Amino acid sequence: MTEPTKGQAVWRGATKRCARCGERKLFNRWVTMVQRCPRCGHSYERNHGFWLGSIMLNMAFTFGVFLVVFVGGMVTTWPDPPWTGLLILTLTVNTLFPVVFHPISRTLWVGMEMAARPLEPQEILDAAAFGTGEWSIAGLEPGPTGN
Ligand SMILES: [Zn+2]
């Protein structure tokens, strides 16, 4: 199998899959992501502080949803917006949305990061050592199953 295109990596991430191979089973519970893909062996945390990007993504999306809810609520109820109702609604959205969006923010960040910075040969070798063997090293050297 070949490495994904930039578009594939981002799309797979946006759909909560492994950006490299498309594997879907990456979370043990809602918030606990595996360290490596069980299929291709890719190690998701590519450097120290890697997940700050996913936190930034989650904050940006949460802020966007907040703006839509707050401005939409004001516009649709103008000239007499229910301020207490809007406050309760936006507090609820700002509390729940980041939790619900957490897994997608992680996989999306992996995809965006992979699109911006393709895997190094050493990362591909490392992944092949942990993958199922279905993903060999794509021309670098034979895979762990000798293929
Ligand atoms: Zn994978």
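Predicted model: local features only at pLDDT ≥ 70, side-chain atom pairs only at ≥ 80, totals over all residues.
A residue counts as buried if 20 or more other C-beta atoms lie within 10 Å of its own, as exposed if 12 or fewer do, and as partly exposed in between, with C-beta atoms placed from the backbone.

Residues are numbered from 1 along each chain as its sequence is written.

**The overall picture**

The protein chain has four helices and zero strands, giving the pattern α-α-α-α along the sequence. Its radius of gyration is 20 Å, well over the 15 Å that the globule rule gives for 147 residues, so the chain is more spread out than a compact globule. (The radius is taken over C-alpha atoms, and the rule is 2.2 Å times the number of residues to the power 0.38.) Along the principal axes, the C-alpha atoms fill a box of roughly 70 × 25 × 25 Å. Of the 147 residues, 22% count as buried.

Helices here (H or I, at least four residues) and strands (E, at least two) are DSSP runs, numbered from the N terminus.

How far do H2 and H3 reach from end to end? The expected span in the table is 1.5 Å times one less than the number of residues.

| Helix | Residues | End-to-end C-alpha distance | Expected span |
|---|---|---|---|
| H2 | 26 residues | 37 Å | 38 Å |

H3 bends by about 50° at histidine 102, and proline 103 follows within four residues. The bend is the angle between axes fitted to the seven residues ending there and the seven starting there.

In H2, Ser54, Asn58 and Thr62 are buried, and what covers the buried residues of H2 includes H3. An α-helix has 3.6 residues a turn, so residues three or four places apart point the same way. The buried residues of H3 include Trp109, Val110 and Gly111, and their cover includes H1 and H2.

**The nonpolar core**

A nonpolar core is a set of buried Ala, Val, Leu, Ile, Met, Phe, Trp, Tyr and Cys residues joined through C-beta atoms within 7 Å. The largest one has 16 residues, among which Cys18, Ala19, Cys37, Cys40 and Val110 touch the most other members. Helices H1 (6–14), H3 (83–116) and H4 (121–130) each give two or more residues to this core, and H3 gives the most, with four. Two residues are in contact if their C-beta atoms, placed from the backbone, lie within 7 Å. Not counting residues up to four places away in sequence, cysteine 37 touches Cys18, Arg20, Cys21, Glu23, Leu26 and His42.

Arginine 12 sits in helix H1. Beyond its neighbours within four places in sequence, arginine 12 has contacts that include Cys18, Ala19 and Gly111.

Lysine 16 lies in the loop between H1 and helix H2 (52–77). Leaving aside its neighbours within four places in sequence, lysine 16 is in contact with Pro103, Ile104 and Thr107.
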